Amino acid sequence: MSDSAVVVEGVSKRFRLYHQRNQSLKAALMRGGRAKYEEFWALRDVSFEVPEGSMFGLMGVNGSGKSTMLKCIAKILRPDNGNITARGKLSALLELGSGFHPELSGRENVYLNGSILGLSKRELDARFDEIVDFAGVEQFIDQPVKNYSSGMYVRLGFSVAINVDPDVLLVDEVLAVGDAAFQDKCMEKFADFRRAGKTVVVVSHAMGTMRTLCDRVAWLDGGRLVEVGRPDELIDRYIDEGHAQRGGAGDSSRWGSGEATLTSVSFVDARDAQTTKVRTGDEATIRLTYDARQRIDKPVFGLAIETLEGVYVWASNTRDADYVPDCIEGEGVVEFHIPRLMLLPGTFDISASIVDFSTTHVYDFRRHCYRFDVDPGTPRESGGLVSLGGDWCNLRSTEKS
Amino acid sequence: MVTIVTQLRGSRELLANLTMREVRGKYKRTALGQIWSLINPLAMMLIFTAVFGQVLRVKVDPGHPSGLHVFALWLVCALLPWNFMSNAMTGGMGSLVGNANLIKKVYFPREVLVAATVLSWDVTFLTEMGVLTVVLLAFGGMPLPWLPLVVVFMAFLTLFALGLGLALSVANVYFRDTQHFVGILMQIWFYATPIVYPFTYVHDEATKLHDKGWHIPLEFLYRLNPMERFTTVFRNLMYDNRFPSLADSLYCVGAGLVSVLIGYWLFTRFEGRMAEEL
């Protein structure tokens with residue numbers, strides 16, 4: 001394929017696991033020669049192609065070789081077998097601001113880090129304002145970066161890396177930096193990137209983000225490539241497999257650490273009766289009952305709706321809605337009230353979750369735990385997933401009389 | 001050699017920036033700043049002059065044809081090149097381990113790190129030599145016409161230190177003892193080089209041994225040391241104000257080139273697994 005930005009062919013990477021590292025002379029003399037080590041294959045015979053202009057995701061459980069793969073593409077690690085060819089300029093967002101010198105000012109560090117990432121002085125001069133502006137550190141640009149807050153540090157690092165204007169951008173779980181406003185800016189930047197026909201390779205555990213952002217994903221497991229394909233199909237299978245491995249209580253679409261569980265998820269209509277059928281425009285409520293076996297501080301309840309085909313239609317959580325209790329303990333209930341259900345006819349699945357405030361730790365996640373049908377109602381609109389509730393109006397002739 | 005030059009040219013801005021980082025970072029947050037780079041050799045000069053010039057009464061011949069006869073100046077003409085080589089080499093050796101964070105996260109030609117450290121010491125070396133030139137002039141020497149040649153030999157000394165730095169830096173990644181080992185070796189090397197005593201002492205010793213019937217090629221072995229040649233050449237140019245011998249000059253050029261070629265070859269051979277070994 002000629003329009004591939006990155007071609008990975010039969011790549012294997014072996015690590016050495018030392019039982020006792022002898023980096024000291026005494027140890028070396030006593031044991032004779034180098035330390036004994038075991039070999040560990042972090043990647044085995046992985047091949048795939050990243051089409052140019054695409055957003056390509058790498059997914060897999062921890063230790064499956066995703067990050068190793070990314071580092072091999074970035075040329076930080078050299079594969080033991082196989083070949084990786086990348087077209088154009090690469091930039092990797094592995095750890096932001098890692099090239100910063102704490103004693104130097106922000107300005108000096110922008111130039112330093114930029115040149116490490118391959119920018120010339122002239123290019124940096126031209127982009128300097130944009131970089132600083134994007135990071136939002138204008139006031140502090142002549143201060144040594146050791147005085148920066150960790151957020152400013154990371155933002156400046158991200159800003160330099162993304163302004164390198166690479167043809168291929170490699171991103172490793174760094175989407176989770178900065179505050180919400182900065183994350184929005186990052187997302188916008190990624191979108192600009194794709195519009196400009198640039199390629200992005202991303203490693204993430206955030207399946208929701210992967211599903212919406214990526215055009216293609218590769219699934220790695222134990223260093224081997226399971227499959228490359230469209231994200232909707234692959235991510236569902238990946239999640240299902242994840243649960244199967246976790247073993248759970250026979251419920252294949254449920255996981256979490258279990259300090260708090262969702263005891264029931266139901267859909268109730270305006271007369272407070274549980275239902276699986278509603279009409280477009282009806283009032284409805286999604287009711288979650290929970291059981292917290294121990295005190296949980298600042299839990300976040302989440303809901304998501306998908307179509308049968310797996311199209312992600314909607315989601316909301318209590319953190320984004322700013323409705324987070326200080327703590328929960330014992331049994332309880334929380335509801336999401338929908339004054340007018342603006343879904344057009346179809347069949348939908350609800351997923352529900354309780355996670356911690358950082359949304360990284362899952363107490364209980366029930367995927368596709370409730371299915372409901374939407375029948376035609378009002379407003380009656382012709383097709384698609386959602387009703388916009390709009391009106392046709394203002395028909396008039398614009399002929400000049 | 002060509003590949004090294006093209007490689008370094010391709011990343012010369014990076015090299016310049018990293019060198020600036022080293023230079024600026026070295027004395028950051030010290031009250032005296034860059035002045036420290038002059039105080040250190042000055043202190044060494046005073047100590048060695050006191051010990052070897054006054055207490056041990058090391059005899060040195062006056063510079064010919066410059067006519068200078070000052071032990072401290074004679075000493076410094078060799079001490080500065082030695083200090084540069086020693087600092088650049090040990091600095092280069094530690095530069096990979098010191099920048100492990102960077103190596104593990106970003107790709108760029110790694111030899112630039114070693115080269116930047118060596119170059120940052122070149123900046124110090126240049127300042128020191130500049131000050132030395134002024135002092136020599138004040139004492140009646142005439143080093144000015146020889147300065148272009150001095151710069152040429154500084155370049156070859158830089159290559160020599162760079163080669164050693166490259167080789168030792170990878171060795172240090174895989175085997176951290178290297179730096180401590182090198183620390184001891186540098187002390188031996190220092191006294192095996194005619195810095196605090198003149199070469200004539202070795203010559204006299206060799207003659208004595210010969211008279212006793214010991215046939216050890218002491219002078220020959222002693223002169224294998226490239227730093228012996230470098231210090232001799234720098235002394236010829238700066239202190240004596242005359243051309244160094246052709247043999248010494250060629251030896252220096254050869255040592256610089258061989259060192260950098262072998263160093264670079266070793267570096268490229270072992271840099272592959274560097275990111276994971278750090």
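This is a predicted model: local features need pLDDT of at least 70, side-chain atom pairs count only at pLDDT 80 or more; totals for chains, interfaces and linings use all residues.
Local features are given only where pLDDT is at least 70 and side-chain atom pairs count only at pLDDT 80 or more, while totals for chains, interfaces and linings use all residues. Residues are numbered from 1 along each chain as its sequence is written, and chains are lettered from A and ligands numbered from 1 in the order in which they are written.

Chain A has 401 residues, of which 34% count as buried. A residue is buried if 20 or more other C-beta atoms lie within 10 Å of its own, exposed if 12 or fewer, and partly exposed in between, with C-beta atoms placed from the backbone. The secondary structure of chain A comes to eight helices and 18 strands; these are DSSP runs, helices (H or I) of at least four residues and strands (E) of at least two, numbered from the N terminus. Two residues are in contact if their C-beta atoms, placed from the backbone, lie within 7 Å. Taking the contacts in chain A between residues at least 6 apart in sequence, 72% join residues at least 24 apart.

The next topic is the interior. A nonpolar core is a set of buried Ala, Val, Leu, Ile, Met, Phe, Trp, Tyr and Cys residues joined through C-beta atoms within 7 Å. The largest such core has 135 residues, and those with the most contacts inside it are Ile73(A), Ala74(A), Leu170(A), Val201(A), Met85(B) and Ala161(B). Helix H4 (residues 71–98) of chain B supplies the largest share of this core, 15 residues. Apart from this core lies another, of 21 residues, including Phe267(A), Ile354(A), Val355(A) and Tyr363(A). Leaving aside neighbours within four places in sequence, Val201(A) is in contact with Val6(A), Val50(A), Phe56(A), Leu58(A), Leu70(A), Ile73(A), Val168(A) and Leu170(A).

Two packed helices are described by the angle between their axes and the distance between the axes. Axes are lines fitted to C-alpha atoms, for helices over the stretch in contact, and angles run from 0 to 180 degrees between N-to-C directions. H4(B) and H7(B) pack at an angle of about 30°, with their axes 7 Å apart. H4(B) is therefore roughly parallel to H7(B); angles under 35 degrees count as roughly parallel, over 145 as roughly antiparallel, 65 to 115 as roughly perpendicular and the rest as oblique. The crossing of H4(B) and H7(B) is right-handed; a crossing is left-handed if the near helix is turned anticlockwise from the far one by less than a right angle, and right-handed if clockwise. The residues that make this contact include Met85(B) and Gly92(B) of H4(B) and Ala161(B) and Gly165(B) of H7(B). By class, the contact has 16 nonpolar, six polar and no charged residues.

Helix H6 (residues 111–138) of chain B and helix H7 (residues 147–174) of chain B pack at about 150°, with their axes 10 Å apart. H6(B) is therefore roughly antiparallel to H7(B). The crossing of H6(B) and H7(B) is also right-handed. Among the residues in this contact are Glu111(B) and Asp122(B) of H6(B), and Ala161(B) and Gly165(B) of H7(B). By class, the contact has 11 nonpolar, four polar and two charged residues.

Some backbone features remain. Most residues other than glycine have a negative phi, and most peptide bonds are trans. The peptide bond from His64(B) to Pro65(B) is cis, with omega near 10°, and Pro65(B) is found in the loop between helix H3 (36–55) and H4 of chain B. The bond from Thr378(A) to Pro379(A) is cis, with omega near -5°; Pro379(A) lies in the segment after strand E18 (362–375) of chain A. His368(A), found in strand E18 of chain A, has a positive phi of about 50° although it is not a glycine.

Methods:
Ala, Val, Leu, Ile, Met, Phe, Trp, Tyr, Cys and Pro count as nonpolar, Asp, Glu, Lys and Arg as charged, and the others, Gly among them, as polar.
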